[in-house]
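Look at the structure first, then read on.

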Amino acid sequence: MINYLYQEQNWQSQLSDLITDPFELLDQLEICSDALLSGAILASKSFKLRVPRAFVGKMRKGDPLDPLLLQVLPHHLELEEHPEFVTDPLGEEAANQLPGVLHKYQSRFLLTLTGACAVHCRYCFRRHFPYQENLPKQDDWPQIKAYIEQNPHINEVILSGGDPLTLSNRKLKLWIERLESLQQVKILRIHSRVPVVIPQRLDTELLEILKSTRLRIIVVIHANHAAELDDQTCAYLEKLSQHGITALNQAVLLKGVNDDAQTLIELSQRLFDARVMPYYLHVLDKVKGAQHFDLSGSKIDEIYHDILAGLPGYLVPKLVREIAGEKNKTPLFGKLTF
């Protein structure tokens with residue numbers, strides 16, 4: 001019990017002690033650049049910097065092009081306008097059926113339980129999402145329950161956000177118990193970046209909660225580069241499989257971060273070391289503020305050809321794009337003509 005309490009305090013204290021000041025982040029990394037700092041300060045006014053100190057500890061000091069830093073440091077290019085990059089690239093407003101409910105695909109729907117994240121990724125497709133008016137309240141559960149029951153084809157629920165693992169174990173357990181009371185729900189998927197940026201979140205109590213439910217649990221983490229997966233992080237991620245929990249990874253193709261095949265090959269290999277299977281490799285969602293991460297179709301096709309040549313099939317993530325209004329993710333390999 002003492003060890004568990006220490007772990008619990010550890011992840012919670014990390015979550016409450018994040019770096020939110022661009023000057024502090026660059027100072028910690030010993031990067032001195034007035035241009036970089038001024039751009040970061042401007043861009044953070046519209047989408048705040050937020051990053052755990054442990055994740056910063058994985059970054060290379062003195063390197064303004066470190067691939068982990070580029071994912072979280074606000075940049076002046078975010079302020080540029082581009083007609084193809086919009087605030088709701090996936091059409092989620094139209095899919096927002098009830099507070100907290102996004103229903104885009106027939107057999108599964110998504111619950112946004114919180115707008116909070118442990119880290120603000122600069123390419124986040126929900127960086128403009130109106131969380132406050134969409135978070136489910138305590139008395140919204142009867143409506144959500146009725147919605148599921150009125151749609152008998154739904155057999156899977158995805159917990160998202162924000163990041164659901166910023167919630168306490170008590171709140172997560174409450175939602176799991178609610179969902180497992182509905183016999184038509186068989187699978188619970190949890191999408192979270194927290195196990196990568198604060199791996200201690202996979203504490204004893206959370207793992208027991210996930211192990212004990214009748215629902216089949218799938219935890220989908222989000223890592224874009226092998227440098228995010230140090231030995232400590234991998235050790236925590238291995239606990240998922242040790243508790244009978246399926247662990248998958250989603251990555252996003254990002255210019256300057258992982259836009260070469262060898263980087264993505266190493267990511268798949270490192271994930272496999274942690275008993276996490278590569279799942280999706282997403283083409284960047286065209287969200288306003290993220291246009292500087294975009295890659296051409298020909299470049300993406302070239303990268304993916306080399307990944308196929310360099311990895312066994314079971315370690316190759318599916319290359320996809322999410323298109324607003326479509327009934328599924330769209331496979332892209334061999335179709336990149338944009």
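A polar atom of the Gln291 side chain lies 3.3 Å from the backbone oxygen of Leu77. A polar contact is a pair of N or O atoms within 3.5 Å; within protein, one must be able to donate a hydrogen and the other to accept it, and residues adjacent in sequence count only if both atoms are side-chain atoms. Gln291 sits in the loop between strand 10 (277-282) and helix 13 (297-310). Helices (H or I, at least four residues) and strands (E, at least two) are DSSP runs, numbered from the N terminus. Gln291 is buried, at 13% relative accessibility. Buried means under 20% relative accessible area, exposed over 50%, and partly exposed in between (1.4 Å probe, protein chains only). Leaving aside residues up to four places away in sequence, Gln291 touches Leu77, Glu78, Glu80, Glu81, His82 and Phe85. Contact means heavy atoms within 4.5 Å.

The model is predicted: local features need pLDDT of at least 70, side-chain atom pairs count only at pLDDT 80 or more, and totals for chains, interfaces and linings use all residues. Residues are numbered from 1 along each chain as its sequence is written, and side-chain values use heavy atoms, without hydrogens and water.

Now the rings. The whole structure holds five aromatic pairs. Rings of Phe, Tyr and Trp (its six-membered ring) pair if their centres lie within 6.5 Å; planes under 30 degrees apart count as stacked, over 60 as edge-to-face and the rest as tilted. Two of the pairs are tabulated here.

| Pair | Centre to centre | Plane angle | Class |
|---|---|---|---|
| Phe272 and Tyr314 | 5.7 Å | 50° | tilted |
| Tyr279 and Tyr280 | 4.1 Å | 25° | stacked |

Phe272 lies in helix 12 (residues 261-273) and Tyr314 in the loop between helix 13 and strand 11 (318-321), so this pair ties together parts 42 residues apart in sequence. Phe272 is partly exposed, at 39%. Tyr279 is buried at 16% relative accessibility, and Tyr280 is buried at 13%.

Two arginines sit over tryptophan rings. The charged end of Arg178 is 4.6 Å from the ring centre of Trp175. Arg201 lies over the face of Trp11, 3.9 Å from the ring centre. The criterion: NZ of Lys or CZ of Arg within 6 Å of the ring centre and within 35 degrees of the ring normal.

Which residues of helix 7 (residues 141-149) are buried? They are Trp141, Ile144, Tyr147 and Ile148. Seen down the axis, the buried residues of helix 7 fall within an arc of 120°, so they line one face. The cover over these buried residues includes strand 3 (96-98), strand 4 (101-105), strand 5 (108-112) and helix 8 (169-180).

Key. The arc is that of the directions from the helix axis to the C-beta atoms.
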